[in-house]
Amino acid sequence: MAEAVFHPPRRKRRVFESYEAPFPVDVGGKDFRLCQAEIINNNVIVRNPEDIEQLYNKGYFGKGILSRSRPVFSISDPLLVAKWRGVNTNMPIITSQKYQRRVQWAQSVLQEQGLDSCSVSKILESYTKPLGLPFCRGAGAEHTGDSCSRGGPGPGNAELCRRSAGREGAQSPEGHSQHPEEGGDAALDPGSGSKDQEQEDSKEMAEGSCHRDPPVLCGCEGKQSPEQRAWEEMDSRECAPEYVLVEEEEEGSSCPEDGSTHAQENLVKKEVLVCRKNPFRIFEYLQLGLEEAFFLVYALGCLSIYYGEEPLSIVKLWEVFSEVKPDFKTTYMAYHYFRGKGWVPKVGLKYGTDLLLYRKGPPFYHASYSVIAELVDDNFEGSLRRPLSWMSLSGLNRTTANASKELMLCYLIRPSDMTAEEMSTPECMKRIKVQELIVSRWVSTRERSEQDEL
C-alpha cells in the first residue's frame with residue numbers, strides 16, 4: 001500500500017484572533033472551570049456566557065445558534081449602534097420597524113398560549129408604553145421625560161440623549177422627568193415612581209411573552225432545585241425587563257425667519273428616541289454536537305450535562321446519545337481519535353462526510369480532510385453505514401477536491417470477540433484500532449508523464 005503524502009493545510013488570508021488553547025482545561029488545574037449544559041429536544045445547549053466563552057475560545061467547541069460559527073450575536077447588538085452614533089447611553093437603540101417586529105413576535109407567542117386578542121392587546125399596550133428617562137441634554141432645547149429628539153437636517157438640530165435609566169434592569173418611573181438643573185448627575189431612585197406598576201407589567205410579560213429561541217426552554221417557569229442553582233442568575237437575567245431606545249419619526253413645523261419658503265419646506269422630520277421596554281428578547285446560546293459534548297464530559301471532564309434536574313452520568317450519556325443518533329458510537333470514536341491527535345473536528349455534512357479536520361481551528365486554516373468513519377471487524381467486514389459505489393465515491397472525491405480538501409476513510413477496527421455488552425460503555429474504545437485511508441483521484445495523463453520522466 002502506497003503511503004499517503006501529507007499536504008500542509010491552507011492558511012486563511014485574514015486572521016483576526018489569536019490562538020489561546022487546544023482544550024478548555026487548565027494544565028495546572030488552578031483555573032479549572034466546570035461548565036454546565038442541558039439537553040433539550042435532543043440538543044446540548046450551553047447558556048452561561050462565561051461557559052460559552054470558555055468552550056469556544058479554547059478548542060472551538062460548538063457553534064452559536066444565531067451565528068455562523070462563533071457566537072457573536074450578543075456582541076453585535078444594538079448597544080454598538082449607540083456608540084457609533086455618539087449617544088452616551090448603556091441602552092440599545094433600535095429602529096421603530098424592528099421594535100414593531102418584536103411586538104408582533106411577542107403577540108404571536110401570547111396568542112399561542114391561548115390568550116384572546118383583547119387580553120393580548122392590553123398586555124402589550126401596557127408593557128410597551130413610553131417610559132421616562134432621567135434627563136436628556138440637547139443643543140439648547142428642553143426635553144420631556146418620555147422622549148429625546150435626535151437629529152434635524154443640520155448639525156444644529158442634533159439633539160442626543162446623553163443619559164439612560166441607569167444600569168440595565170433598573171426600574172424607570174413613568175411620567176417622571178428631570179432637567180439637568182434639577183436633577184444634576186444623580187440617577188433615579190429605583191424605588192420611586194410607579195415601581196409597583198413596573199412589577200405588574202413584568203409579571204404579565206413573564207407569564208406570556210418571555211420567549212427564547214428553541215430548543216431552549218423559558219426560564220420563567222419558576223422551577224428551581226439545588227441542582228439548578230447555576231441557572232438562577234441566567235433566569236433572572238432573561239426574565240428582567242430590558243429597556244431600549246426606539247427611533248421614531250415625528251413631523252414638526254418650523255416657521256422660517258424670512259417667511260419666503262414654501263409650506264411643505266416648513267415640515268422638519270425629527271428622530272425621537274423613546275424609552276420603551278423590549279417585549280421580545282433574543283439570547284444566543286452555544287449548541288454542542290453530541291460528539292463534542294461527550295468529549296468534554298468523558299475525555300476532559302470539564303462539562304456537566306443536565307436533563308431536567310439531574311446531571312447525567314457518562315454511561316447514561318453514552319446510552320442516550322446512541323439512541324438519539326444510531327451511528328453515534330462510530331462517529332464519536334473517530335472524533336475522539338482525531339481530537340487526541342491535535343485536530344479540530346467539525347461536522348462535515350455540507351461536503352457529504354462525517355467530519356472536517358482543521359488545524360488549530362476554523363479561524364486560522366481551511367479544513368484539510370473530509371472524513372468518513374466506518375466501524376468494521378478484523379477482516380474489514382461489517383455492515384457499513386454508507387456503502388460507496390464507484391459512482392458515488394467518484395462524485396464525493398471530486399466534491400472534496402474542488403474544495404481543496406482530501407477525502408479520508410477512517411476505519412475503526414474492533415476485535416471479532418468484542419460483545420455488544422462491551423460496546424455499551426465508552427471503555428470499548430480501549431480495544432479499538434484505527435486505520436486511515438486517503439482516497440485520491442488517479443489522472444492517467446499525469447501518471448503517464450511522470451513515468452516518461454523516470
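Predicted model: local features only at pLDDT ≥ 70, side-chain atom pairs only at ≥ 80, totals over all residues.
A pocket is an open set of points on a 1 Å grid over the protein atoms alone, with protein on both sides within 12 Å along at least five of seven lines; its volume is the space filled by probe spheres set on the points, which are joined across faces, edges and corners. Lining residues, those with an atom within 4 Å of a point, number 48, and Lys63, Arg68, Ser69, Lys346 and Val347 are the closest to the pocket centre. Two or more lining residues come from each of β2 (43–46), β8 (286–288), α8 (290–300), α10 (328–340), β11 (343–347) and β12 (355–359). Helices (H or I, at least four residues) and strands (E, at least two) are DSSP runs numbered from the N terminus. The lining comprises 20 nonpolar, 11 polar and 17 charged residues, where Ala, Val, Leu, Ile, Met, Phe, Trp, Tyr, Cys and Pro count as nonpolar, Asp, Glu, Lys and Arg as charged, and the others, Gly among them, as polar.

Strand β9 (residues 303–307) is largely enclosed by the rest of the structure, because four of its five residues are buried (under 20% relative accessible area, 1.4 Å probe, protein chains only). Strands pair if DSSP finds at least two bridges between them. Strand β1 (residues 35–40) runs parallel to β9 and is joined to it by four bridges, with Cys35 opposite Leu303. Strand β10 (residues 310–311) pairs with β9 in the antiparallel sense over two bridges, and Tyr306 has Pro311 as its bridge partner. Two residues separate β9 and β10 in their hairpin, where Gly308 takes a positive phi near 80°.

Residues are numbered from 1 along each chain as its sequence is written, and side-chain values use heavy atoms, without hydrogens and water. Local features need pLDDT of at least 70 and side-chain atom pairs count only at pLDDT 80 or more, whereas totals for chains, interfaces and linings use all residues.

Key. Buried < 20%, exposed > 50% of the residue type's maximum accessible area, 1.4 Å probe, protein only. 1 Å grid on protein atoms, 1.4 Å probe; cavity = no way out; pocket = protein on both sides within 12 Å on 5 of 7 lines; lining within 4 Å.
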